[in-house]
Amino acid sequence: MANLEKGSKKLLNAWAFYDWANSVYPLTISSAIFPIFYEKLFTGRDHYIHVFGTSLKNSALISFVTAAAFLAVAFFSPLLSGIADYVGNKKNFMRFFCYLGALSCMGLYWFDLDNIYVGLLFYFLGLIGFWGSLVFYNSYLPDIAYPEQQDKISAKGYSLGYLGSVILLVINLAMVMKPELFGITGAPLEAALKAMKYSFISVGVWWIVFSQYTYHYLPKGNRNAGKVTRAVLFNGFRELRKVWGLLNQNVPLKRYLSSFFVYSMAVQTVMLIATYFGSQEIKWENADQSTIGLIICILVIQLVAVLGAVLTSRASARFGNIPVLMAINAFWLLLCIGAYFITTPMAFYGMAGLVGLVMGGIQALSRSTYSKLLPETTDTASFFSFYDVSEKIGIVIGMLVYGIIDQITGSPRFAIVFLALFFLVGLLLLRRVPRKKLA
């Protein structure tokens, strides 16, 4: 069909609707159902498995695989960005990574300890597919929306993503808790595991089916349909190197990025391992309470995070970005220390609410603070590419640190406390950021 005009309502809505399609991945696979499924595979046995020629704790293993996936994403993102800025049919690239991620989610149906390598490969490729598709999805924004439309339509995408992911998670929760209503039979644990496997398939189907609306209306890409040369391929890396050189000319931005790099390691790591921590360290009464409780905690975090972002925005308007970020880092530090002592479900619920409050706040404020510190330039894409790569490298380091400590000590409690050091260092580095530009 003919391309819709830039800024048209139908085109903007089609772009935003991809959030509805793909946001089921980070909620169901990264945060909720898969971590619970993975832990239940070890029911009745210890948490160690012989893999890659050594014995690894299950949560440490998944941390290392996650770190490897994010390292791959951090490397490929600049390559993909360079292509996305040049080729004339980036929709095909976006669709490829979308299908890679969705089909990998379906592949998790065959995840079990006897096929651990195949299962880990699907988990790895799912993460690659999700983040790879986002590179092209985000690059469409300036193509389909005028500057004055971008904030609003981006926020709409976030809202659609939250709504869609929660709807599917609630359906998946019903499948897990009442599998007989969905025709799933077997012993309680067997039926629950089977229901979780079906939920992985539902994520893949949801992602593919609802993305079709986006693909139907999105244009193929920009008009530059020339051959992708070596120069084009590595253009993203050249842009990152250019930004790195410009940082020496912008002391506030350089100091802020240093602090962001450190504390974001801890923030993202906590988000990725929270369910594993709750499953292993909280004294649930039974398996059903564990499953329901962990998913409720994820939903609490999602809900409260929205409120946290609003409250943080208001606080930054009154007190300034840097002071509020310092306060949030201090609060995160206390949460990590407090997590060492919690053992009961009620305490874990309370911790989930507090985490959600500062999780939404620190993510929203970190990006807006970075935006305010950027120099006068039309090349904001390169600066945000640098920001995104920094965040992903931070996740790699954070997950490796968590996995190593978890493997050595046998308990994620010590790893969580160690993450408090990242927030302390981040807080101290924030003190060095000049605040005049943010006034």
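This is a predicted model: local features need pLDDT of at least 70, side-chain atom pairs count only at pLDDT 80 or more; totals for chains, interfaces and linings use all residues.
## Helix H12 against H15

Two packed helices are described by the angle between their axes and the distance between the axes. Start with helix H12, residues 251-281, and helix H15, residues 345-373. Their axes come within 11 Å and cross at roughly 155 degrees. Angles over 145 degrees count as roughly antiparallel, so H12 is roughly antiparallel to H15. The crossing of H12 past H15 is left-handed.

From H12, the contact includes Pro 252, Leu 253, Tyr 256, Leu 257 and Phe 260. Further along H12, Met 271, Ala 274, Phe 277 and Gly 278 are also among them. On the H15 side, the partners include Phe 348, Met 359, Ile 362, Arg 367, Tyr 370 and Leu 373. By class, the contact of H12 with H15 has 16 nonpolar, 5 polar and 1 charged residues.

## Helix H12 against H14

H12 also packs with helix H14, residues 321-339. Here the angle is about 35 degrees, and the axes are 12 Å apart. H12 passes H14 in a left-handed crossing.

H12 brings Tyr 256, Tyr 263, Val 267, Val 270 and Phe 277. H14 answers with Ile 322, Leu 325, Asn 329, Trp 332 and Ala 339. This contact of H12 with H14 has 9 nonpolar residues, 1 polar residue and no charged residues. Tyr 256, Tyr 263, Val 267 and Phe 277 of H12 are listed in the contact with H14, and these residues are listed in the contact with H15 too.

## Aromatic pairs

The count of aromatic pairs comes to 41. One of them joins Phe 17 and Phe 210. Their ring centres are 6.0 Å apart and their planes stand at 70 degrees, so the pair is edge-to-face. Phe 17 is in helix H1, residues 9-22, while Phe 210 is in helix H9, residues 188-217. The pair links distant parts of the chain, 193 residues apart.

Phe 210 also pairs with Trp 20. That pair is edge-to-face, with 6.0 Å from centre to centre and 75 degrees between the planes. Trp 20 lies in H1 and Phe 210 in H9, so the pair ties together parts that are 190 residues apart in sequence. Trp 20 is buried, with a relative accessible area of 14%. Phe 210 is partly exposed, at 28%.

## An aromatic cluster

Rings also gather in a group. Phe 34, Phe 37, Tyr 38, Phe 42, Phe 111, Tyr 123, Phe 200 and Tyr 276 form one aromatic cluster.

## Two single residues

Ser 30 sits in helix H2, residues 24-31. Ser 30 is buried, with a relative accessible area of 15%. Leaving aside residues up to four places away in sequence, Ser 30 touches Tyr 25, Pro 35 and Leu 272.

Phe 52 lies in the loop between strand E1 (48-51) and strand E2 (54-57). Most residues other than glycine have a negative phi. Phe 52 has a positive phi, near 55 degrees. Phe 52 is exposed, because its relative accessible area is 53% and exposed means over 50%.

Terms used
Residues are numbered from 1 along each chain as its sequence is written. Side-chain values use heavy atoms; hydrogens and water are left out. Axes are lines fitted to C-alpha atoms, for helices over the stretch in contact, and angles run from 0 to 180 degrees between N-to-C directions. Helices (H or I, at least four residues) and strands (E, at least two) are DSSP runs, numbered from the N terminus. Angles under 35 degrees count as roughly parallel, over 145 as roughly antiparallel, 65 to 115 as roughly perpendicular and the rest as oblique. A crossing is left-handed if the near helix is turned anticlockwise from the far one by less than a right angle, and right-handed if clockwise. Contact means heavy atoms within 4.5 Å. Ala, Val, Leu, Ile, Met, Phe, Trp, Tyr, Cys and Pro count as nonpolar, Asp, Glu, Lys and Arg as charged, and the others, Gly among them, as polar. Rings of Phe, Tyr and Trp (its six-membered ring) pair if their centres lie within 6.5 Å; planes under 30 degrees apart count as stacked, over 60 as edge-to-face and the rest as tilted. Buried means under 20% relative accessible area, exposed over 50%, partly exposed in between (1.4 Å probe, protein chains only).
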